[in-house]
Amino acid sequence: MTTALLPAQPAASPKRRRSAPDGRLDSLTGLRFLAAFAVFAHHFTGASAGAGVAQAPALFPYTTMGVNGVGFFFVLSGFLLAWGHRSQTRTRDFYRRRAGRILPLHLAATVPCVWVFHVWGGVPFDLPSFVASLVLVQTWFPGVVPMFPGNGVSWTLSVEAFFYLLFPFVVRGAYRLRTRTLLALAGSGLVAMWAVNWWAALHLSPSRCEWLMRLPVTRLPEFVLGLALALAVGRGLRVPLRPGVLAALFAAYTVVYVHRGTWVSEPVAAQLHLTVRPVVALFSVLVVVAYVQREGAGRRGWLCTPVMVRLGAWSYAFYLLHQTVNRLILDHWGRTPPTNLSVFTLLGVAGVVVALSWAAYTYVEEPARRWWARRQTA
């Protein structure tokens, strides 16, 4: 789902950070898995009462906020690409590396998805829409069938492909800007996101609004925000941030957001909904910066443990496979009545997806990456 999900570890820069011996930012790798797990939890419990595979009252409806995990990935993608960018990298080499990391596992994960959703599950199949999903342009067309053709979660890869296409040119322009100007432009992008959301809610149908929220251009401010903060931190910007405080604030925001319909007035509730993506983007970049500063100062916490780093490395596969597993369970066993025991079901299914993700990473993703790299250097 993004550079944030892909096994993209930027090259080390000793002047900018002290982290893992090979220059990785291990805490960000660990965060990738947490964000992927949030998306999984959202899909597992569903977006509304009675949806999903199973719901635990202790978790639902708070798990619905997990859908915004994709916004975190877009922010993290911009940050990682800018943080590891080297001016001597040729544009065509950058594109080749991105293709080598995205496409093999994307294509491999589509195979079981087609069987589970279309052959077994009977989801409508439209060949042009399916081909669009394979080449990752499906988000540009509002009339694809179904709304998420092919492997549905790959819509975020379509957005990322657009980011990758623009990145070599955007980063060159960003280097020329003063830090203050760069941050002002990034902030303006978040305001533009809110304005577009508001305009769409007033003038478009719900289905068109949903498509617009997946259109790559409308998600570009999240990517640019991450890119801008990476350059700013690389230039010496320091912000006094504590990850624990940010997590507590985000938890409080989540509680208010999911109860907005009953806790606040209708106009305020509407604005909470319209601003959720920019707010999540802001929280995301602050969390990323907080952990980068901590790790750069030599403070390595639980996100840097071998377990979390491995889970983060497998997170791309986890993301691409999780919804196929959810659908397989739903079609085979059906939904279960809401009960807090469903927490154990959720964790059990997550364990199965992790195991499959390890296998996909070990036997598909990494071998394909190494093969692709050899071809580029041959």
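This is a predicted model: local features need pLDDT of at least 70, side-chain atom pairs count only at pLDDT 80 or more; totals for chains, interfaces and linings use all residues.
Two packed helices are described by the angle between their axes and the distance between the axes. Helix 2 covers residues 69–83 and helix 5 covers residues 155–175; they pack at an angle of about 35 degrees, and their axes are 10 Å apart. Helices here are DSSP runs (H or I, at least four residues), numbered from the N terminus. The axes are lines fitted to C-alpha atoms over the stretch in contact, and angles run from 0 to 180 degrees between N-to-C directions. On the helix 2 side, the contact is made by Val 70, Phe 73, Phe 74, Ser 77, Leu 81 and Ala 82. Helix 5 contributes residues including Trp 155, Val 159, Phe 163 and Phe 167. Contact means heavy atoms within 4.5 Å. By class, the residues of this contact are 11 nonpolar, 2 polar and 1 charged. In that count, Ala, Val, Leu, Ile, Met, Phe, Trp, Tyr, Cys and Pro are nonpolar, Asp, Glu, Lys and Arg are charged, and the others, Gly among them, are polar.

Now move to helix 4, residues 127–134. Its buried residues are Ser 129, Phe 130, Ala 132 and Ser 133. Seen down the axis of helix 4, these residues fall within an arc of 160 degrees, so they line one face of the helix; the arc is that of the directions from the helix axis to the C-beta atoms. The face turned away from the buried side carries the exposed residues Leu 127 and Pro 128. Buried means under 20% relative accessible area, exposed means over 50%, and partly exposed lies in between (1.4 Å probe, protein chains only).

What covers the buried residues of helix 4? Helix 3 is part of that cover. Helix 3 (residues 91–120) and helix 4 pack at an angle of about 145 degrees, with axes 11 Å apart. His 106, Leu 107, Thr 110 and Val 114 of helix 3 meet Phe 130, Ser 133 and Leu 134 of helix 4. This contact has 4 nonpolar, 3 polar and no charged residues.

Ser 133 deserves a visit of its own. Its relative accessible area is 1%, so Ser 133 counts as buried. A polar atom of the Ser 133 side chain lies 2.6 Å from the backbone oxygen of Phe 130. Not counting residues up to four places away in sequence, Ser 133 touches His 106, Gln 138, Pro 149, Gly 150 and Ser 154.

Continue past helix 4 and you come to Leu 136, in the loop between helix 4 and helix 5. Most residues other than glycine have a negative phi, and most peptide bonds are trans. Leu 136, although not a glycine, has a positive phi of about 60 degrees. Its relative accessibility is 6%, so Leu 136 counts as buried.

The loop between helix 4 and helix 5 also holds Pro 146. The peptide bond from Val 145 to Pro 146 is cis, with omega near -10 degrees. Leaving aside neighbours within four places in sequence, Pro 146 is in contact with His 118, Val 123 and Pro 124. Another cis peptide bond runs from Phe 60 to Pro 61, with omega near 15 degrees; Pro 61 is found in the loop between helix 1 (26–45) and helix 2.

Finally, look towards the later helices. In helix 11 (residues 266–274), Ala 269, Leu 272 and Leu 274 are buried. The buried residues of helix 11 pack against helix 6 (179–203), helix 9 (243–258), helix 10 (260–263) and helix 12 (276–296). Helix 12 is also where Tyr 291 lies. At 17% relative accessibility, Tyr 291 counts as buried. Apart from neighbours within four places in sequence, Tyr 291 is in contact with residues including Ser 27, Leu 28, Leu 31 and Trp 302.

Conventions:
Residues are numbered from 1 along each chain as its sequence is written. Side-chain values use heavy atoms; hydrogens and water are left out. Helices (H or I, at least four residues) and strands (E, at least two) are DSSP runs, numbered from the N terminus. A polar contact is a pair of N or O atoms within 3.5 Å; within protein, one must be able to donate a hydrogen and the other to accept it, and residues adjacent in sequence count only if both atoms are side-chain atoms.
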